[in-house]
Amino acid sequence: MTSNDRYLARGPRVGIRHFTAADRAEFTRLARESVQLHRPWLFPPATDAAYDSYLLRLQEPQREGFLICELADGRIAGYLTINNIVHGAFRCGAIGYGAFAHAARRGLMSEGLRLVLHHAFTALGLHRLEVNIQPANDLSIALVKRAGFRLEGFSPDFLFLDGAWRDHERWAITAEMVSGRGTDRRRDLRAGE
C-alpha cells in the first residue's frame, strides 16, 4: 500500500477503507436499494441524518468501520464494523456487516471479510472477533462459516430488532484460527512439551 492509496488492504476484487462523509450519498442510496435483501436482519442508515450519526459513532475509540469497495470502479459493495472493542487482556470486538443488493452473492463480502480479519488481527492487535446472527439468516451464517468462524452458542432474546427481541447464534474467530495455527490450544501446548 502506498501512502496515497485510499485502501487499508486490497484483495483480487475488493479493497477495504474507512467510511467518510463523502460516502453519504452513495451509501444511503445503496441502503435504500437493498431493503429487500436486508430485512428483517439489518437496518443500515438510509438517510443523510442517519448516516451522519452512524459516521459519528464510528469515530469512537471502541469502534472501527470499513467499506468494502470494488477495485474496478470504487463502488461500495458492502460494509463491516467492529464494535465494542476491548483491548488489554481481552483484545476482542463484535462485528456487524452487510452487502448491498448489487454485490450480493458475488463473493465480494467473503473477500472483504478476510481482508478485515487480517487487518483486525494485525494492525488493530485484536485476538478475537465475535458475530451474533439470527438462526434463520442463512446467507450470513454461510459467510462466517466460509471465513472459518466457529459456532459457540445460542442467545435467546439477544437483540431488539424490527420491533421484537430476537434469538441469535454466537459465532467467533481468533487470530490463531486465521493464521492456521489451529483451534486446539491443548494440542499446541502438548506439541511444545
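User: Which residues is His-119 in contact with, leaving aside its neighbours within four places in sequence?

Analyst: In this predicted model, His-119 is in contact with Leu-8, Ile-16, Phe-66 and Leu-124, once its neighbours within four places in sequence are left aside. The residue itself lies in helix 4.

User: Why is His-119 called buried?

Analyst: The relative accessible area of His-119 is 13%, and buried means under 20%, so His-119 counts as buried.

User: Why is helix 4 called oblique to helix 5?

Analyst: Helix 4 and helix 5 (residues 138–147) pack at an angle of about 50°, with their axes 10 Å apart. Angles under 35 degrees count as roughly parallel and those of 65 to 115 as roughly perpendicular, so an angle of about 50° makes helix 4 oblique to helix 5. The crossing of the two helices is right-handed, and Met-109, Ser-110, Leu-113 and Leu-117 in helix 4 meet Leu-143, Arg-146 and Ala-147 in helix 5.

User: How do you know that helix 1 and helix 3 are roughly perpendicular to each other?

Analyst: The axes of helix 1 and helix 3 (residues 48–57) cross at roughly 115° and come within 10 Å. Since 65 to 115 counts as roughly perpendicular, helix 1 and helix 3 are described in that way. Helix 1 passes helix 3 in a right-handed crossing, where Arg-24, Phe-27 and Thr-28 in helix 1 meet Asp-48, Tyr-51 and Asp-52 in helix 3.

User: What makes the aromatic pair of Phe-27 and Phe-100 edge-to-face?

Analyst: The structure holds nine aromatic pairs. In the one formed by Phe-27 and Phe-100, the distance is 5.2 Å centre to centre and the angle between the planes is 85°. Phe-27 lies in helix 1 (residues 24–33), whereas Phe-100 lies in the loop between strand 5 (92–99) and helix 4, so the pair ties together parts that are 73 residues apart in sequence.

User: Why is the pair of Tyr-79 and Phe-100 called tilted?

Analyst: The rings of Tyr-79 and Phe-100 have their centres 5.8 Å apart and their planes at 40°. Planes under 30 degrees apart count as stacked and those over 60 as edge-to-face, so a pair with its planes at 40° is tilted. Tyr-79 belongs to strand 4 (residues 76–86), and the pair ties together parts that are 21 residues apart in sequence. Both rings belong to a cluster in which ring pairs link Phe-19, Phe-27, Tyr-51, Tyr-54, Tyr-79 and Phe-100.

User: How do you know that Tyr-79 and Phe-100 are buried?

Analyst: The relative accessible area is 3% for Tyr-79 and 0% for Phe-100; buried means under 20%, and both residues therefore count as buried.

User: Why is Asn-84 called exposed, and why is Asp-162 called partly exposed?

Analyst: Exposed means over 50% relative accessible area, and partly exposed lies between that and 20%. Asn-84, which has its place in strand 4, has a value of 53% and is therefore exposed. Asp-162, in the loop between strand 7 (150–161) and strand 8 (164–174), has a value of 48% and so is partly exposed.

User: What is the phi of Asn-84, and what is the phi of Asp-162?

Analyst: Although it is not a glycine, Asn-84 has a positive phi of about 55°; Asp-162, also not a glycine, has a positive phi of about 50°. Most residues other than glycine have a negative phi.

User: Which kind of peptide bond joins Arg-39 and Pro-40?

Analyst: The bond between Arg-39 and Pro-40 is cis, with omega about 5°, and Pro-40 lies in the loop between helix 2 and helix 3.

Methods:
Residues are numbered from 1 along each chain as its sequence is written. This is a predicted model: local features need pLDDT of at least 70, side-chain atom pairs count only at pLDDT 80 or more; totals for chains, interfaces and linings use all residues. Side-chain values use heavy atoms; hydrogens and water are left out. Helices (H or I, at least four residues) and strands (E, at least two) are DSSP runs, numbered from the N terminus. Buried means under 20% relative accessible area, exposed over 50%, partly exposed in between (1.4 Å probe, protein chains only). Contact means heavy atoms within 4.5 Å. Rings of Phe, Tyr and Trp (its six-membered ring) pair if their centres lie within 6.5 Å; planes under 30 degrees apart count as stacked, over 60 as edge-to-face and the rest as tilted. Axes are lines fitted to C-alpha atoms, for helices over the stretch in contact, and angles run from 0 to 180 degrees between N-to-C directions. Angles under 35 degrees count as roughly parallel, over 145 as roughly antiparallel, 65 to 115 as roughly perpendicular and the rest as oblique. A crossing is left-handed if the near helix is turned anticlockwise from the far one by less than a right angle, and right-handed if clockwise.
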